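Please read the following report alongside the sequence and the coordinates, which are shown first.

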Amino acid sequence: MNNHERLLGILEEGTSDYVSGEEISRRLSVSRTAVWKQINKLRELGYNIDASSRRGYRLISRPDRLEVSKLADILNTQSFGQRIVVLDSTVSTQQDAMRLAEEGAPEGTVVLAEEQTAGRGRLGRKWYSPRGKGVWMSIVLRPTQPLAFTPQLTLLTGVAVCRAIRRLTGVEAGIKWPNDLLIHGRKVSGILLESATEDQRVRYCIAGIGIDVNLNKEDYPEELSQVGTSLKIEAGREIDRTVLIASVLEEMEQLSKLYAEQGFQPIAMLWEALSVTMNRSVRAHTAQGITVEGTAVGLDPSGALVIETDQGERIQVISGDIQL
């Protein structure tokens, strides 16, 4: 047992009472300065510890930590989440999930992290992933449809996350094509789908999901403070991350089964019903560097966004950025 664990044990013995720095110092056989440093380290890990110059230290609350056993207890799925890896910290759950997929991990394998040090979004952007505040998750998918249809899986994942958020929180999140979830115009979640291919065949896909769950306004860096929001901010209460993860995995399994049985059309209908892009004036910046302006009128069978220009021309946007 290291000193952090011993310090936590001493604080938990005190429960509602303060434990003096002198007593902790004596029991750990370290200096008062060393105690103070360890207290601050625990605070960085999410422990809420009150300090009084006269009375000592008191543990107020422990961090909300993800645990495989707790998630397994409440998860109601047959394949999604039947193998779960929880990491304290990682560069990116996408990289970890890719490695597992290369080793043969089955569909539905999930990698979760308390924090990502270099989380990735679309188009090479960074994804802010602070410790213990969100859901940073990657899921191994093993689709059987042709490579050209993989964009449909991004839309399916967006529907799953949106439905899970609405069901659990009551907050009306909406999907902005292709893979951002917004609440009152602010981004609460992003989805990144990456594929490994061979001879025009999809070997596997990794669905990366980032959800800002329990961030407070002051948690956001300045550049995100006006564009980002969290479920806690919007719902006015803390959200249980484990329950949310279970809800997302259950939705993913149900929608994947629907997709396998009936194709993309029912997924497209669900997506359009949850979308904040449909029937809106939009400006699309495509991956080819072309700008298209008009009204978003629907999805084509591949999952591309169909934009009708003022001249009545219908243009399919396969990938790019959309401004509402």
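Predicted model: local features only at pLDDT ≥ 70, side-chain atom pairs only at ≥ 80, totals over all residues.

The structure holds 0 disulfides.

**Overall features**

The protein has 324 residues, of which 49% count as buried, and its secondary structure comes to 9 helices and 16 strands. Taken along the principal axes, the box filled by the C-alpha atoms is roughly 80 × 40 × 35 Å. Among contacts between residues at least 6 apart in sequence, 61% join residues at least 24 apart. The protein exposes about 16000 Å², and carbon and sulfur atoms supply 45% of that area. As for charge, there are 38 positive and 42 negative charges, and their mean positions are 5 Å apart.

**Nonpolar cores**

The largest nonpolar core has 60 residues, and those with the most contacts inside it are M137, I139, L141, I211 and V248. Helix α6, which spans residues 151-169, gives the largest share of this core, namely 9 residues. Leaving out residues up to four places away in sequence, V248 touches M137, A160, V161, A164, I209 and I211. A second, separate core has 15 residues, and I10, I39, L42 and Y57 are included in it.

**A buried loop residue**

Is S230, in its loop, buried or exposed? S230 lies between β11 (201-212) and α7 (231-235), and it counts as buried because its relative accessibility is 0%, whereas the cut-off for a buried residue is under 20%. When neighbours within four places in sequence are set aside, the residues in contact with S230 are V188, D212, V213, L215 and Y220.

I318 is found in the loop between β15 (314-317) and β16 (320-323), and at 63% relative accessibility I318 counts as exposed. Not counting residues up to four places away in sequence, I318 touches W177 and A304. The C-alpha atoms of I318 and G56 are separated by 60 Å, and these two residues are 262 residues apart along the chain. P178 itself is in the loop between β8 (174-176) and β9 (180-183).

**Positive phi values**

Most residues other than glycine have a negative phi, and most peptide bonds are trans. Against that background, D199 has a positive phi, near 55°, and Q200 has a positive phi as well, near 60°. D199 is in the loop between β10 (186-198) and β11, and Q200 is found in the loop between β10 and β11 too. D199 counts as exposed because its relative accessibility is 74%, and Q200 is exposed with a relative accessible area of 66%.

The table gathers relative accessibility for residues discussed above.

| Residue | Relative accessibility | Class |
|---|---|---|
| S230 | 0% | buried |
| I318 | 63% | exposed |
| D199 | 74% | exposed |
| Q200 | 66% | exposed |

Technical notes:
Residues numbered from 1 in each chain as written. Heavy atoms only, no water. Core = buried A, V, L, I, M, F, W, Y, C linked by side-chain atoms within 4.5 Å. Buried < 20%, exposed > 50% of the residue type's maximum accessible area, 1.4 Å probe, protein only. Helix = DSSP H or I, 4+ residues; strand = E, 2+ residues; numbered from the N terminus. Contact = heavy atoms within 4.5 Å. Disulfide = S-S within 2.5 Å. Areas by Shrake-Rupley, 256 points an atom, 1.4 Å probe, with all protein chains shown as cover. Lys, Arg positive; Asp, Glu negative; His and termini not counted. Charge placed at Lys NZ, Arg CZ, Asp CG, Glu CD.
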